[in-house]
Amino acid sequence: MRTDFSLAQLADPHLAEVENNLRKCVHCGICTATCPTYVLLGDERDSPRGRIVMMQKMLEEGGAPSAETVLHVDRCLSCLGCRTACPSGVDYARLVDTARAHIETHYRRPLRERLLRWFIAKVMPHPGLMREGTTLAKAFSPVARVLPGRLGAMARMALKAPPPRRKFRTSAAPTHTRRVALLPGCVQQTINPYTDQSVKRLLARRGISAVTIDAGCCGALVHHLGREEDAKHFRKKLLEAFEWGNSSQPFEAVLISATGCASHIKEIAHLFQGDPKWFAGAKKFASKLRDISELAEPRLVTPPRKLRIAYHAPCSLQHGLKLSGKGEALLAAAGHEVMSIPEGHLCCGSAGSYSILQPEIASALRTRKLANAESTHPDVIVSSNVGCIHHLSGGAVPVLHLAEVIDWSEGGPTPRELELAESKKSR
Ligand code: SF4
Ligand code: SF4
């Protein structure tokens, strides 16, 4: 594809990278079939190929983008199904990241939109504020349940946060020679704080201590809003906390149990490219990143009950971390029957704050994913990303994190969602 950037524009490393990727695109359209918004809406402007054309025009021209371009770039889920599908090696992430940052700095959104985005950026990455928000939503639940549009999507997300669950003893202080840094992230701490308790227990059984390094948000949430300065701030905090924890006894790995955050961390060095102060540390940090399905070797056990599991591989796992198949192998070794979900390549619509910002598309994708999952007649749906789990929960089938199912299968506590499903069946 021909490009028309000026030499001054190409001096910007981000635009140079954009240009390099644009040149690789041959407009073949192979990516369109994997794009959830194109599959749903059938509009070329909501396909990767259509967005690429619009983003090129916007970035070459510079200045304020058209409302049309913003609408169609906003509708992109950043699922990166198109990146995996592209035979020419176009790295769509580099294009959409730069486009989002450009829109953020050159486009004035309507006031309501600005307020909503500000709220997401300033509240959701902070667990303390999120907890207060969920308490408030629960106190006004009759109102929160019927709120329309984006406010309603946000309120219902808060309502789904679980009540406090009984605590189970985990092995006391970290005692193993093998140590990994466990990042609790931000939103997960509020809406599913139990996943990491399972992670700690199942790793302890394998002789690994997971040491919590609570540095807060990884920056993914604001990065997808195009707020690059905010994202850098979070990433720097994370790197500093890791260096501090790593200095006395080095960690063999870095683990975060939300694959959406993990795939962002995998790219962290890239995001510090050209920054001599942070690049080397970011590269070292990213090189230690491991998913729970890589750290926990499969164990042959007999679970308390054999489950039929529909495994939902998050886009971040498939297209970001490229770890398809590992979660399924763990579940199978733990004695369960694992089934693939039809149209497994299509995003469920969660995508960070997407389900709040684009509730109609997110809801249509959720309905489609649940119908596909339920067509396999599962006892549970299992996934590896807090966003997907939260987005898909509330339907007929319980949705659990991979770590919780493995932990339970190996003798850990019964996840609350399983207990609830059992008691519903026995009524
Ligand atoms: S598959 Fe790749 S080369 Fe073909 S249109 Fe999509 S991005 Fe361009
Ligand atoms: S990232 Fe996902 S939603 Fe966005 S263009 Fe690519 S396939 Fe479509």
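A residue is called buried here if 20 or more other C-beta atoms lie within 10 Å of its own. Keep that in mind for these close-ups, which all come from a predicted model.

**View 1. Helix H5 and its buried residues.** Helix H5 covers residues 67–74, and its buried residues are Thr69, Val70, His72 and Val73. What do they pack against? The buried residues of H5 sit against helix H4 (48–61) and helix H7 (92–106).

**View 2. Cysteine 82 and its contacts.** Look for cysteine 82 in helix H6, which runs over residues 81–85. Cysteine 82 has 27 C-beta neighbours inside 10 Å, so it counts as buried. Setting aside neighbours within four places in sequence, its contacts are Cys31, Thr34, Cys35, Pro48 and Tyr92.

**View 3. The shell around ligand 1.** Ligand 1 is surrounded by 14 residues, and the closest are Cys25, Cys28, Cys31, Cys86 and Ser88. Sorted by class, the shell has ten nonpolar, three polar and one charged residues.

**View 4. Helix H2 crossing helix H7.** Helix H2 (residues 13–24) packs on H7 at an angle of about 135°, and their axes are 9 Å apart. That's why the two helices, H2 and H7, count as oblique to each other. The crossing of H2 over H7 is left-handed. Who meets whom? His14, Leu15, Glu17, Val18 and Asn21 from H2 meet Arg94, Leu95 and Thr98 from H7. By class, this contact has three nonpolar, three polar and two charged residues.

Technical notes: Residues are numbered from 1 along each chain as its sequence is written. Chains are lettered from A and ligands numbered from 1 in the order in which they are written. This is a predicted model: local features need pLDDT of at least 70, side-chain atom pairs count only at pLDDT 80 or more; totals for chains, interfaces and linings use all residues. Helices (H or I, at least four residues) and strands (E, at least two) are DSSP runs, numbered from the N terminus. A residue is buried if 20 or more other C-beta atoms lie within 10 Å of its own, exposed if 12 or fewer, and partly exposed in between; C-beta atoms are placed from the backbone. Two residues are in contact if their C-beta atoms, placed from the backbone, lie within 7 Å. A residue is near a molecule or strand if its C-beta atom, placed from the backbone, lies within 6 Å of it. Ala, Val, Leu, Ile, Met, Phe, Trp, Tyr, Cys and Pro count as nonpolar, Asp, Glu, Lys and Arg as charged, and the others, Gly among them, as polar. Axes are lines fitted to C-alpha atoms, for helices over the stretch in contact, and angles run from 0 to 180 degrees between N-to-C directions. Angles under 35 degrees count as roughly parallel, over 145 as roughly antiparallel, 65 to 115 as roughly perpendicular and the rest as oblique. A crossing is left-handed if the near helix is turned anticlockwise from the far one by less than a right angle, and right-handed if clockwise.
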